[in-house]
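Could you walk me through this structure? I'm new to it and would like the main points in plain words.

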Number of protein chains: 2
Amino acid sequence: MSSPEPPAPPLRRRGERMRQAVLAATVELLSSQGLAGATVGAVARAAGVHETSVYRRWGTRENLILDALTTELDAALPVPDTGRVRDDLLAFFSALARLLGTPQGRALLRLSVEHDDTLVDRRGPYWSERLDRAVVMVRRGVGRGELAADTDAGLLVEALSGPLFVRVLLSGAPLDDALVRGLVDLALAGARPR
Amino acid sequence: MSSPEPPAPPLRRRGERMRQAVLAATVELLSSQGLAGATVGAVARAAGVHETSVYRRWGTRENLILDALTTELDAALPVPDTGRVRDDLLAFFSALARLLGTPQGRALLRLSVEHDDTLVDRRGPYWSERLDRAVVMVRRGVGRGELAADTDAGLLVEALSGPLFVRVLLSGAPLDDALVRGLVDLALAGARPR
């Protein structure tokens, strides 16, 4: 842009500063004390604002947590473009595994599978938007002839991400680079003898 | 055994009959009204027993639901042995997809990912025991030379089951035979050009 934005009116600026302080306090409490520790009261105290201001802005504790986590994690899953599909997939799904290994990532995934009608419109899209980005890497691999022309890109992304989600939600088994490598190589080469 | 079991004492027999009636009522309520409908009060009324008897035997509503679902679903996932690994995998994971498509299967999976310290010892094992059975099919395929000798059987089972669980828990996308076929063929042949 050629000219700088005019300064925001004081009230608006205070609102945005308040928002950032509250979101930062929420992420900090989620990281240190888990989902149960991030109550509206604790967040408001940590951010130095009134509890009623939090409720006025976010409505429910769940909306607050969701806003905090999506804001925090939004930059955590960039889509690489190395020119080789295996390297792209390894980088992307290793980043997803690392994200799901953090308290914030776990909290967001946990929150995503809990029943709550007030959140239904926003939680599903969070994960599906991020996985839709991954589909691009597969399509580029098909375009370069690295993958079969009839590759179902969405299915491949599900086969790579599903086990990571399930380890967090169900089995508690660890997420490490060996797991991601094993899944990527299985999905690329298959289990048939070579 | 050469001689029949002596008849159970009346009290014990009544206890087992009561248990069966309560479990059947629980499954029925879960199917017709979902997880929220299967309250201890509603179950006790449907089974014609006192609510206190239910609490005395199961302790919590969650234990009751877990007992009912595992008893009901225990025979729902037999491990086939057709002599061909692809057919075995298709049969087993199609049965898992069908199971997860029923209200009972969904309820059990939902219950499995909810935080509840009183259940922690029994829910994880329910799914991992069933998936451990599937590993046998993969090992037989390796033994017959249908799969590479270094196939990671557990990883292959995770790659096939993970997307099914995630569709139920997170995306709500449908579970159908085309999905299972696509996952099995991807895991066997891989996405590289053939």
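Here is a short briefing, grouped by topic.

What you're looking at is a predicted model, in which local features need pLDDT of at least 70, side-chain atom pairs count only at pLDDT 80 or more, and totals for chains, interfaces and linings use all residues. Residues are numbered from 1 along each chain as its sequence is written, chains are lettered from A and ligands numbered from 1 in the order in which they are written, and side-chain values use heavy atoms, with hydrogens and water left out.

**How the two copies are arranged**

**Where the chains touch**

- Chain A brings 37 residues to the contact and chain B brings 38, where contact means heavy atoms within 4.5 Å.
- About 3,100 Å² is buried between chain A and chain B, and carbon and sulfur atoms give 64% of that (buried area is the accessible area, with a 1.4 Å probe, that two parts lose on being put together, summed over both).
- Ten residue pairs are in polar contact between chain A and chain B, both residues at pLDDT 80 or more (a pair of N or O atoms within 3.5 Å; within protein, one must be able to donate a hydrogen and the other to accept it, and residues adjacent in sequence count only if both atoms are side-chain atoms).
- On the side of chain A that touches chain B, α5 (85–101), α6 (103–113), α8 (153–171) and α9 (177–189) each supply at least two residues (helices are DSSP runs of H or I, at least four residues, numbered from the N terminus).
- The largest share of that side, eleven residues, comes from α8(A).
- By type, the side of chain A that touches chain B has 22 nonpolar, seven polar and eight charged residues (Ala, Val, Leu, Ile, Met, Phe, Trp, Tyr, Cys and Pro count as nonpolar, Asp, Glu, Lys and Arg as charged, and the others, Gly among them, as polar).

**Salt bridges between the chains**

- Over all chains the structure holds 20 salt bridges (a side-chain nitrogen of Lys or Arg within 4 Å of a carboxyl oxygen of Asp or Glu).
- Four salt bridges cross the interface of chain A and chain B.
- One pairs B:E158 with A:R167, with the closest N and O atoms 2.8 Å apart.
- B:E158 sits in helix α8 of chain B and A:R167 in helix α8 of chain A, so this pair joins two chains.
- A:R167 counts as buried at 14% relative accessibility (buried means under 20% relative accessible area, exposed over 50%, partly exposed in between, with a 1.4 Å probe and protein chains only).
- B:R194 and A:D150 also form a salt bridge, at 4.0 Å between the closest N and O atoms.

**Inside the chains**

- B:R140 and B:D88 meet in a salt bridge at 3.6 Å, N to O.
- That pair links helix α7 (residues 120–143) and helix α5 of chain B, with the two residues 52 apart.
- B:D88 is buried at 0%, whereas B:R140 is partly exposed at 25%.
- A:N63 belongs to helix α4 (residues 61–73) of chain A and is buried, at 16%.
- A polar atom of the A:N63 side chain lies 3.3 Å from the backbone oxygen of A:W58.
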